[in-house]
Amino acid sequence: MVHSSLSTFQASRTAGFDPVTYLRRWVWKMAVATLILMAIGSATRVMNAGLACPDWPLCYGQLVPSQQMNLQVFLEWFHRLDASLIGLMAIGLVALALRWRQSLARWVPWAAGLVLFLVVFQGVLGGLTVTQLLRFDIVTAHLGTALLVFCTLLAMGMGLWPYRPTGTAGKLSWISGAAVVLVYGQSLLGGLVGSRWAAHQCFGLAELCNVVNAHLLGIIPASLSVLLLTVLVWRTPALDEVFRTQANIAFGLLSLQLVLGLATFRLHLQVEPLTVCHQAVGAALLGTLVCFTVLSLRDSSLPEENLKISVNI
């Protein structure tokens, strides 16, 4: 049976079709769509368009509310459209992973199933944000789950990416993993600041000032972890160039994020495009760190485990 599945895999490759490559490209497209979804969601929030469509899952009881269409309705409607596209792609991802499971590593169908579960859960939270009138805890959980979907897709994509381990990454995965946790936590705090409009009302309520202060203090450990990773990457000899590239990207995104964060804070979230860019860059930074972590973990694994099941299974 194994011989037959491997023969099928080799035959498909000979014919110019590689299931691993096809699935990886599918995952990358989903990741890009998710990043766009989060950016649109941020724009929807800062433009006060979260309830522009008063019902769910339709908008004014229609698939396309042409008569009620304006900028706010369009943002909320397009946000749902992108979410629906990701949902369909998640179903397709599971179907493809199951269809080609004999040609893939064992973890791939499970990872696809996790993506589908998170996307469905994200959809439920999206509905609750409308029916519960933008409750801040649900809105924050909505963002947190979207980030988990994004990170899971990127981790899956890097797991399917062709890479030959060199064994030079050492313990860099621990540093990058810690940076992932810190940046993710900082993203949640930022989402909480936005969902409670804490930057606007901090001067009136001490509780909201604590939320803002926690986000500001969280900048320190998150930034230091990225800086430490960058320094260690450049001080590690014979490291694969892809690690240096990812570390440079992370450092650049961190620098941009600090500038955007300072400007956003000074302007009290009054410039909508600036706020949207701040969240999008934060998500991109988190994604870059996830990619680095997965690749550094793979650096100590067997090459055969990175692309497909071993011939000995």
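Predicted model: local features only at pLDDT ≥ 70, side-chain atom pairs only at ≥ 80, totals over all residues.

Trainee: Okay, which side chains meet in the salt bridge at 3.0 Å, N to O?

Mentor: Those of Glu 76 and Arg 80.

Trainee: And where do Glu 76 and Arg 80 sit along the helix?

Mentor: Both are in helix α3, which covers residues 71–99. They're about one helical turn from each other because they are four residues apart there.

Trainee: Are Glu 76 and Arg 80 buried or exposed?

Mentor: Glu 76 is buried, and Arg 80 is buried too.

Trainee: What about the salt bridge at 2.7 Å, then? Which side chains meet there?

Mentor: That one joins Asp 137 to Arg 135, again going N to O.

Trainee: How do those count for accessibility?

Mentor: Asp 137 has 34% relative accessibility, so it counts as partly exposed. Arg 135 is partly exposed as well, with a relative accessible area of 39%.

Trainee: Changing topic: what's the mean pLDDT of the protein chain?

Mentor: It's 86, and 86% of the residues reach 70 or more. Over residues 1–14, though, pLDDT is below 50, and that stretch has 14 contacts beyond near neighbours in sequence.

Trainee: What happens over residues 304–313?

Mentor: There the pLDDT stays under 50 too, and the model has 27 contacts beyond four places in sequence for residues 304–313.

Trainee: How should I read coordinates where pLDDT is low?

Mentor: Not in detail, where the pLDDT is low.

Terms used
Residues numbered from 1 in each chain as written. Heavy atoms only, no water. pLDDT = per-residue confidence, 0-100. Contact = heavy atoms within 4.5 Å. Salt bridge = Lys/Arg side-chain N within 4 Å of Asp/Glu carboxyl O. Helix = DSSP H or I, 4+ residues; strand = E, 2+ residues; numbered from the N terminus. Buried < 20%, exposed > 50% of the residue type's maximum accessible area, 1.4 Å probe, protein only.
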